[in-house]
Amino acid sequence: MSELAEAAPAKVNLFLHITGRRDDGYHELDSLAVFAGTGDVLRFAAAPELTLAVEGPEAAALSAEPDNLVLRAARLLAEAAGMRPHGALRLEKHLPVASGIGGGSADAAAALRLLNRAWGLHWPEERLRPMAARLGADVPVCLSCHAARMGGIGEVLRPAPALPMAGMVLANPRRPLSTPAVFRARTAGDFSAPAMLPAGWSGAGSMARDLAACRNDLEPPALVLCPEVETVLAALRGLPGCLLARMSGSGATCFGLFPDPAAAAAAAALLPEAWWRWGGGFTEGVRSPYSAAEPAGA
Ligand SMILES: C[C@](O)(CO)[C@H](O)COP(=O)(O)OP(=O)(O)OC[C@H]1O[C@@H](n2ccc(N)nc2=O)[C@H](O)[C@@H]1O
Ligand SMILES: Nc1ncnc2c1ncn2[C@@H]1O[C@H](COP(=O)(O)OP(=O)(O)OP(=O)(O)O)[C@@H](O)[C@H]1O
């Protein structure tokens, strides 16, 4: 079998309201997740044993990781299928690790999709979803790869409002932030109401206006742990054409919304070179991996 490849696009939370806390400590949320036209790439080649090689510009941050989410996903799928996991996997890591744009979750979801094909299972997405939920709160939305309104602890997915043509800049100050630590740093008992959004937006301007009435409730605790988030937000707001800037997920990556992908790509180039930065458009659905030429970081 020739090599198979799967894209693992970055997930961006355009807003994130924490609406409650379950008895097991997990938080209930209301969030609008979209996918960016950049991400990691996972490749499969036939081999008798399951192996994973991590390469690419952000690979070093994973060298100490004993249990890559890609291997956990592979073992879970093999167990469900009653087979021995196998194949030589190569993960091209472009997304900064522990950065609030779901890199590990996207990789785990890509592994489920890729091995579902490579191992000849061809299960429908519904059958993969419980495995995705076991791997992490962000993995179900990454499995679908479609913009979605996330509810529950992330596993309840509803269609997103129809998105307009828009551009997005992503910027990370190169400070990893641990998701559990950010949730722990929240003020206990502080909850938000779900957001009120229209069925769709005709332009990036109206989307930015409506999103401005929402928040990321993880931004204040992330700022305490990583004050550089404020510097990134200020830099994004100062870029020509920026309509809205906010932190994604548990940070520290922040996004800026722009009228179109070209404006976003041009604006991203103005950010400090020491940061991880990217500019482009949204992506919808599983697509072929990005070309090597596509910029994914500084
Ligand atoms: C912040 C978000 O990225 C928003 O999309 C997600 O909620 C986090 O998703 P994730 O990184 O896949 O999270 P998981 O790996 O499942 O959980 C990591 C830790 O984050 C906290 N966590 C996560 C999700 C959630 N809804 N409530 C939580 O309190 C828990 O302490 C959990 O132990
Ligand atoms: N393939 C992987 N890519 C990134 N992190 C991984 C991977 N496998 C395991 N991990 C571990 O998962 C942790 C979370 O990484 P990830 O990059 O998914 O965080 P994140 O971007 O904050 O995610 P989220 O937005 O879902 O909270 C890392 O600290 C890392 O040790």
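A nonpolar core is here a set of buried Ala, Val, Leu, Ile, Met, Phe, Trp, Tyr and Cys residues joined through C-beta atoms within 7 Å, where buried means that 20 or more other C-beta atoms, placed from the backbone, lie within 10 Å of a residue's own. The model is predicted, with local features needing pLDDT of at least 70 and side-chain atom pairs counting only at pLDDT 80 or more, whereas totals for chains, interfaces and linings use all residues. Residues are numbered from 1 along each chain as its sequence is written, and chains are lettered from A and ligands numbered from 1 in the order of writing.

The largest nonpolar core holds 86 residues, and F258 is among those that touch the most other members, as are A73 and M168. Leaving aside residues up to four places away in sequence, the contacts of F258 (C-beta atoms within 7 Å) include V169, A204, L243, A263, A264 and A267.

Helix α9 spans residues 261–268, with A263, A264, A267 and A268 buried; helices (H or I, at least four residues) and strands (E, at least two) are DSSP runs numbered from the N terminus. These buried residues fall within an arc of 130° seen down the axis of α9, so they line one face of the helix; the arc is that of the directions from the helix axis to the C-beta atoms. Their cover includes β7, β9 and β10.

Terms used:
A residue is buried if 20 or more other C-beta atoms lie within 10 Å of its own, exposed if 12 or fewer, and partly exposed in between; C-beta atoms are placed from the backbone. Two residues are in contact if their C-beta atoms, placed from the backbone, lie within 7 Å.
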